[in-house]
Each structure stands twice: as C-alpha cells, then as structure tokens.
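Here is my note on the structure shown below. Please read the points alongside the coordinates.

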Amino acid sequence: MDPSHYKGNHTYVPVSQKGYWQFEMGDVLIGGKTTGFCASGCSAIADSGTSLLAGPTAIITEINEKIGATGVVSQECKTVVSQYGQQILDLLLAETQPSKICSQVGLCTFDGKHGVSAGIKSVVDDEAGESNGLQSGPMCNACEMAVVWMQNQLAQNKTQDLILNYINQLCDKLPSPMGESSVDCGSLASMPEISFTIGGKKFALKPEEYILKVGEGAAAQCISGFTAMDIPPPRGPLWILGDVFMGAYHTVFDYGKMRVGFAKSA
C-alpha cells in the first residue's frame, strides 16, 4: 500500500460472502441521526465499477429529501416547460404537425417520421440494423411528453395558464429511470453529513464528497451521489459503496486475510 494515499489506520471488516467483496455494515446516519434501516445490520460491497453510492430506496429517498434532491427527469421536464412551454403551445395552436414541434424548437432532430413513439421506433429500427438518426436525449423526451400532455389539455379547452401549471405538476411526478437526482449547487453548505458504520466506526461523507458537479459556471448541474437500488433477499438488502465512497476512503482489498479495509484518503 502507498502510505501517501491515506491518513491514519485502516478499519478492517471480514468478507462475509465471497464472490463480491461483501461485508456487514451497521447503521446509516443523516446529520448524525439514525435512519434505523440498517441498525440491525446491512450487507455492503465496495465496488469501483459503480460510480455512485447505491442503497435501498427507503434510505436513499430519506437522504435525497434531506439534501433537497429532485429527480433529474423532473428537472429536465420543468426546464422544457419554463423555456419552451409557451412556444410549444403556440405551435400547437397554430396547428403545427405535433411530431415536428420538438425539432422546430431545437430539442429533437426530425428525420421525416419522428413522432412521440420515437423511442420505440428507434429500438425497432436498431434491431433491424438501421439507425434512424434520432436524437432521443432527455430534453427531447421531455419535450415529446409535454406535446402529448398539452394536446390532451387543449382538447379539453383549458386556458394556457392552466395548461402550463398542470404540465409542471406532471413533471414533479416523473420518476427518474436511472434513479439520479439533482440538487441546488448553491445549497451544499447547508447539507448534512451522511455516515456509514463499518467495523463499529463511522465513515462520514461531506456534501462536497457526495455531490457530483457536472459542467461549469451557469450551466453547472449538481447531481446527488446517492442512487436507489433494491436487491431482494437473500442477497439483499445490499449497499454498493461505489466511487463516491471509495474516493473519500482509501480502500484495501486484502485477499490473503479475506478482509476489506477503509481509511481516510490523503
């Protein structure tokens, strides 16, 4: 081991199950307060192949609520509504072909057959060995959903203000497919420490360690380093301490003694 990479001594725990570097972990604390979920013990693996820190939905939801995280998909949806909502409505009222609207506002690319089923169509086309060149990024997907929702609301003769408010409410209900959540970059100072009990010792993560910053300046987005992953018994519930944790804590995989060790990174 290179001593320049860690401070102090390592805390070691035995491998509880071979196959993964799996070990037993104790309570998870938010701002020093127990979440109760792992008070009687949880299993965990240290895995550099996982970028984030994955855990049971029940605790990840608690953590994300405490740090003010919202689903990335919800936020992308709200961005589309706030920046392009009026434009999309105007185009619909002008009887623009709905499948062309998102390309007209610049959020999707149109290839002559781009409709709201673009995602399904592209999968089918890919299986057939054709790529239809669609840009099905998250903003494009959010735009397509907004078009469908707005069409339905216009058909019910709702006012423009009511429609935009309703679309915003729908955005809030969108689950994130990959479980990623974003936070306000300006509120890191008020976020709590999140601690994991390993070998009877608390390993705390500060906000700057568990929040990932993507981009620079006004375009910067801050992503929660916690993601939900429910692994059923008997293998689960299982925490995966990925790069977010391993960046903060120097990790030793001791094959000879079948144990895993953690010390503060230098």
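1. Confidence. This is a predicted model. Mean pLDDT for the chain is 85, and 88% of residues reach 70 or more. Residues 113-135 stay under 50, although the model gives this stretch 29 contacts beyond four places in sequence. Where pLDDT is low, predicted coordinates should not be read in detail.

2. Helix α2. This helix covers residues 72-93, 22 residues in total. At 1.5 Å a residue it should span 32 Å, and the end C-alpha atoms lie 29 Å apart, which agrees. Look also at Tyr84: a kink of about 70° in α2 is centred there. After α2 comes Glu95, with a positive phi near 60°.

3. Gln22. This residue sits in strand β2 (residues 22-25). Its relative accessibility is 3%, so Gln22 counts as buried. Its side chain makes a polar contact of 3.4 Å with that of Ser43. Beyond four places in sequence, the contacts of Gln22 include Pro14, Ile45, Arg235 and Leu238.

4. Salt bridges. There are three. Glu209 pairs with Lys264, with the closest N and O atoms 2.8 Å apart. That pair links distant parts of the chain, helix α7 (residues 207-210) and strand β16 (residues 259-265), 55 residues apart. Glu209 is partly exposed at 22%, and Lys264 is partly exposed at 26%.

5. The other pairs. Arg259 meets Asp254 at 2.8 Å, N to O. Arg259 is partly exposed at 23%, whereas Asp254 counts as buried at 17%. Lys66 and Glu65 meet at 3.7 Å. Here Lys66 is partly exposed at 48%, and Glu65 is exposed at 54%.

Methods: Residues numbered from 1 in each chain as written. Predicted model: local features only at pLDDT ≥ 70, side-chain atom pairs only at ≥ 80, totals over all residues. Heavy atoms only, no water. pLDDT = per-residue confidence, 0-100. Contact = heavy atoms within 4.5 Å. Helix = DSSP H or I, 4+ residues; strand = E, 2+ residues; numbered from the N terminus. Expected span 1.5 Å × (residues − 1). Bend = angle between axes of the 7 residues up to and from the residue. Buried < 20%, exposed > 50% of the residue type's maximum accessible area, 1.4 Å probe, protein only. Polar contact = N/O pair within 3.5 Å; in protein donor to acceptor, adjacent residues only side chain to side chain. Salt bridge = Lys/Arg side-chain N within 4 Å of Asp/Glu carboxyl O.
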